[in-house]
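Biologist: Hi! Could you walk me through this structure? I'm new to it.
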Amino acid sequence: MSNTGANRVNQGLNSKITEQKVLQDELKSIRKGARVYKQQQNSSIFFLSSADREMAQSKKTMDSLGKEYKDMERLSGGGQDGGR
């Protein structure tokens, strides 16, 4: 993959990770057991859900994005993982 293509993918991953972090912060700020609406992807339909369920889904998504980000760094030869 070209450096420019890798940078675009990296920026996309960073954007998704930031989005998930904001979502988690918002979900943490509401009361326990609160009901929330989740938008169906690529649609204007909303479904009722619980904050706990959405937090669990967000954590799974963050784990997946984190793995994808690490794989991307490894493949791009970055190797700059902050000593981890």
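Biologist: Is A51 buried or exposed, and why?
Modeller: A51 counts as buried because its relative accessibility is 5%; buried means under 20% relative accessible area, exposed over 50%, partly exposed in between, with a 1.4 Å probe and protein chains only. Keep in mind that this is a predicted model: local features need pLDDT of at least 70, side-chain atom pairs count only at pLDDT 80 or more, and totals for chains, interfaces and linings use all residues. Residues are numbered from 1 along each chain as its sequence is written, and side-chain values use heavy atoms, leaving out hydrogens and water.
Biologist: Where is A51 found?
Modeller: In helix α2, residues 51-75 (helices are DSSP runs of H or I, at least four residues, strands are runs of E, at least two, numbered from the N terminus).
Biologist: And which residues is A51 in contact with?
Modeller: Leaving aside neighbours within four places in sequence, A51 is in contact with L27, I30, A34 and V36, where contact means heavy atoms within 4.5 Å.
Biologist: New topic: where is L75, and is L75 buried or exposed?
Modeller: L75 is in helix α2 too, and L75 counts as exposed because its relative accessibility is 65%. The C-alpha atoms of L75 and A6 are separated by 9.5 Å, though these residues are 69 apart along the chain.
Biologist: What about Y37, buried or exposed?
Modeller: Y37 counts as exposed, at 61% relative accessibility, and has its place in strand β1, residues 35-39.
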